[in-house]
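This briefing covers salt bridges, a pocket and a nonpolar core. The structure under discussion follows.

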Amino acid sequence: SSSYKTMDDGQYTFEKENITQQAARIKKFKDALENALIRIQNKTYGVCKVTGNLIQKKRLEAVPHTTLSMEAKLDQYK
């Protein structure tokens with residue numbers, strides 16, 4: 001009986017952590033979209049914050065909240 005309770009506690013903890021992580025990802029995505037709307041209003045949407053160059057349309061279609069061109073994004077991994 002106590003071993004089942006321990007497994008239930010472990011499952012509960014796992015699910016709670018999973019939900020917390022999902023909520024954090026959703027908040028981060030929501031904040032990024034809100035920031036993109038602000039950049040649209042400021043007329044800075046689509047401009048890379050690192051290089052200052054325009055971000056390619058295909059990249060913006062794939063990741064509408066991006067602030068980095070592919071060049072700048074790839075440079076992060078170097």
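Lys30 and Glu34 both belong to helix α1, 4 residues apart, or about one turn of the helix; helices are DSSP runs of H or I with at least four residues, strands are runs of E with at least two, and numbering starts at the N terminus. The two residues form a salt bridge whose closest N and O atoms are 3.0 Å apart. The model is predicted, so local features need pLDDT of at least 70 and side-chain atom pairs count only at pLDDT 80 or more, while totals for chains, interfaces and linings use all residues. Residues are numbered from 1 along each chain as its sequence is written, and side-chain values use heavy atoms, with hydrogens and water left out.

**Salt bridges**

- The count comes to 3 salt bridges, each defined as a side-chain nitrogen of Lys or Arg within 4 Å of a carboxyl oxygen of Asp or Glu.
- Lys30 is partly exposed at 44% relative accessible area, and Glu34 is partly exposed at 38%; buried means under 20%, exposed over 50%, and partly exposed in between (1.4 Å probe, protein chains only).
- Lys27 pairs with Asp31 in a salt bridge, with the closest N and O atoms 2.8 Å apart.
- Lys27 and Asp31 also both lie in helix α1, 4 residues apart, about one turn of the helix.
- Lys27 is exposed, with a relative accessible area of 51%, whereas Asp31 is partly exposed at 26%.
- A salt bridge joins the side chains of Lys78 and Asp75 at 3.4 Å, N to O.
- Lys78 is exposed at 83% relative accessibility, and Asp75 is partly exposed at 39%.

**Largest pocket**

- The largest pocket holds about 290 Å³ of space; a pocket is an open set of points on a 1 Å grid over the protein atoms alone, where a 1.4 Å probe fits, with protein on both sides within 12 Å along at least five of seven lines.
- Its lining has 13 residues, and Lys28, Ala32, His65, Thr66 and Lys73 lie nearest the centre; lining residues have an atom within 4 Å of a point.
- Helix α1 (residues 2-41) gives the most to this lining, with 4 residues.

**Nonpolar core**

- The largest nonpolar core has 5 residues: Cys48, Ile55, Leu60, Leu68 and Ala72; a core is a set of buried Ala, Val, Leu, Ile, Met, Phe, Trp, Tyr and Cys residues joined through side-chain atoms within 4.5 Å.
- Ala72 touches Cys48, Val50 and Thr51, leaving aside residues up to four places away in sequence; contact means heavy atoms within 4.5 Å.

Key
Points joined across faces, edges and corners; volume = space filled by probe spheres on them.
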